[in-house]
Amino acid sequence: QPTLLADYRPYPFTLDHVSLTFRLAPKGTRVCAKLSLAPKDGPADLVLDGEDLRLISIALDGTALDPATLTLTDRQLTLPAAALPAGPFTLETEVEIDPEANTALEGLYLSGGMFCTQCEAEGFRHITYYPDRPDVMARFDVRIESDMPVLLSNGNPVAQGAGWAEWRDPWPKPAYLFALVAGNLVALRDDFITASGRTVDLAIWVRPGDEDRCAYAMDALKRSMAWDESTYGREYDLDVFNIVAVDDFNMGAMENKGLNIFNAKLVLASPETATDTDYERIESVIAHEYFHNWTGNRITCRDWFQLCLKEGLTVFRDQQFSADERSAAVRRIEDVLALRARQFREDAGPLAHPVRPESYVEINNFYTATVYEKGAEVIGMLRRLVGPEGYRRALDLYFDRHDGQAATIEDWLKVFEDACDRDLTQFKRWYTEAGTPRLHVTEDWDAEAGRFTLEFTQETAATPGQPVKGARVIPVELGLLGPNGDEVQPSTLIEITEPRQSAVFEGLSARPVPSILRGFSAPVILERETTQAARAFLFAHDTDPFNRWEAGRNLARTALMALARGAATAPDPELIAAYGPLLRDAETDPAFAALCLRLPGEDEIAAALHGAGHTPDPAEIHAARARLARAIAQAHEEALAALYIRMKDDGPYSPDAGPAGRRALRLACLGLLNRLDNGARAQALFAEAGNMTESLSALACLIETNKAAGALAEFRDRWAGERLVMDKWFLVQMLHAAPDRAAQEAAHLAALPEFDWKNPNRFRSLMGGLSANHAGFHHASGAGYRFYADWLIRMDAMNPQITARMSTAFETWPRYDAGRQALARAELQRIAATEGLSRDTGEMVARLLAAG
Ligand code: ARG
Ligand code: ZN
């Protein structure tokens, strides 16, 4: 039943052109498809994918086919080779589909009265019979007939009249990039002039009333287009670029050729309704989807095993863009935080898989942090190893050599080998082997010789299906600091390739402090036996901002681990003291200081304890974190309070990095002070807040101090009609609910009329909030697990993709004590035993259970 990379075979037909006609109706949409096919190398059966389609008619070269000649299953239509001509032929089908009944939101469906599509990965087969695989690339002509006022598809508009419109996409594409939208929409319009002087008409389509919340997305789009020209030499290739915002969407957004479809939360923003983080995400996702036009669309994937070819590269590109548009150091820290929270966690558990997997049951289950974020890290390492010029040469060659093709990871690595004259055989392990390598470092100082030696050993633990791992190529950026904090060895790149390898530095007059893995130059777990004092030294002096932050993080994590497992009885004074200089200097880079003030999350502490051989206790972790935060606040109350006042912004709201950084610092101070003032500042801030960033932080503080009843009611009244804001209302309550009450609170919220669970965003707010409430979800009573599983079972019948994705909340279950393990296992078994469970969720639960 699983699909295997090793089983790949080219499609035996060429398909150079497709004509589609849609007669849209909510319950009975008719889709006529005319495919121009030709056998490639002699006779073969023609196999087309198709699911939930009602076949009305089928004709070969204009002649109706006798139904007896074809085989129809619930997944495929097959025409035997004997029934096909030896040369080119056309196949015409008409099917009926039911968009209104499509609650899985895959294929053609309805969202708030508008028709829209989501075809990646295998949604197109829910629209018509077709070779639904990415290596079949065809030119599409589309005719839409509907009385909806706006009718959109891929490519350029050809003609339109009352009740119809025609579109033509000149660029061959796989079916997963097909899109259609029909609805009552209004546009924010603009244009962009490309480097070669062509004008592209830009439009962002939204529901009437939302058009004044699109300006930031439009601005981000234009900056993305300019950036891809100047940084990668990539110009846009159609006359129009359309973006549509939809309310019901399984994912973040989708890069359909010339017609990107977005989850509304990643387009719509105003200061009153969106937070600074929302603005930042909108910018990066707009860029991401736009960048796919070259990395994904012009060059696509041969098969879905190669997903990281487009996703890893496009994430890497959007990260580079954000780093250029904002503070590079701050962005890098944020990206690494996300990588560790999601991808390291995945790599350490039952769902671990290589960046390029070799087997899947349901491909939608592999749109993961490993494929996306670790996929991007692998490209960052490549770039570091060959240098920026080598990287640019390789990318130029990639676009040159593979434009218009469906490529593989082997093709990708080959352009680097050819452009940079390097052998990447060993490097390829990053794509084929799962698991996060642990890089262990020991130091040796020979005072007499003035010689400092670092010895590295690397090891990657077994992951499901991969018991043995080879040594990786690990680029380690490092520098050495002298006793006064001056840099005695500037940053240099060490390339680790062996299981054990050392680096020697000569001619030093005093024992240096090494700053290793600067900029997080490889996605590994760095293990160093070092003291809190050495960490504090780096936190104060490191010239690499990433490692400065990292030293502070390690300091805090170590202190929290000791507290949580009872190895320390009081918060580490070394740590508390280290915040003094940070706060004195905070205004130099407020965003950076805000990141340094943020304590490691509970899940991160649990992962670290588990990695060190201890069994994490979620309740103890929660208590330790609260205790440390309070101790920091007490020790630095004055400085925090002063910063809280100085960082206040009286000007008009701007989402730019500067003002957002000042807000972040101010709100980080608030979070700590809230432990002392019992919600007093938060109360005042909630009353006067001029933007959603402040309102929401104030609300979080009030929930934590049990003072939120009034504010929550006020917020709910004020934002009753705003779906995206009400999502935040659900989320903030779940994130900050007291652990002992979290499941109860979730049940209470789920019973409210506003809990429209069929809307993916609303469902994710409540459920995602609960699972992110570490001590609440993993409560010893099992109430968190039970509530969560109840809803997964209910949702699976409606929307398998969302359910399967949300099931990853259980991926850390083997980490906890036997009692919790038994409770989690029982819930997973209950899900697995559900009658009619989807393939998506079935695969996930089976993998989760295989761990124990
Ligand atoms: N390609 C989209 C993006 O990353 C994501 C689409 C994911 N769809 C899915 N069904 N898993 O930009
Ligand atoms: Zn993508």
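By class, how many nonpolar, polar and charged residues does the shell around ligand 1 have? To find out, note first that this is a predicted model, in which local features need pLDDT of at least 70, side-chain atom pairs count only at pLDDT 80 or more, and totals for chains, interfaces and linings use all residues. Residues are numbered from 1 along each chain as its sequence is written, while chains are lettered from A and ligands numbered from 1 in the order in which they are written.

**Ligand 1.** Select E120, A121, M251, A253, M254, E255, H288, E289, E311, N364 and Y367, the residues around ligand 1 (C-beta atom, placed from the backbone, within 6 Å of the ligand). Five are nonpolar, two polar and four charged (Ala, Val, Leu, Ile, Met, Phe, Trp, Tyr, Cys and Pro count as nonpolar, Asp, Glu, Lys and Arg as charged, the others, Gly among them, as polar).

**The sheet.** Next, select β29, β26, β25 and β31, which form an open, mixed sheet in that order. Strands here are DSSP runs of E, at least two residues, and helices runs of H or I, at least four, numbered from the N terminus; two strands pair if DSSP finds at least two bridges between them. The edge strands, β29 (500-505) and β31 (525-528), each pair on one side only. Now select 438-446 (β25) and 451-459 (β26): they run antiparallel, joined by nine bridges. R438 stands opposite E459 in β26.

**M795.** Finally, go to helix α23 (783-796), where M795 lies. M795 is buried because 24 other C-beta atoms lie within 10 Å (the cut-off is 20 or more, with C-beta atoms placed from the backbone). Its C-alpha atom is 18 Å from that of A783, twelve residues away along the chain.

Note on methods
A residue is buried if 20 or more other C-beta atoms lie within 10 Å of its own, exposed if 12 or fewer, and partly exposed in between; C-beta atoms are placed from the backbone.
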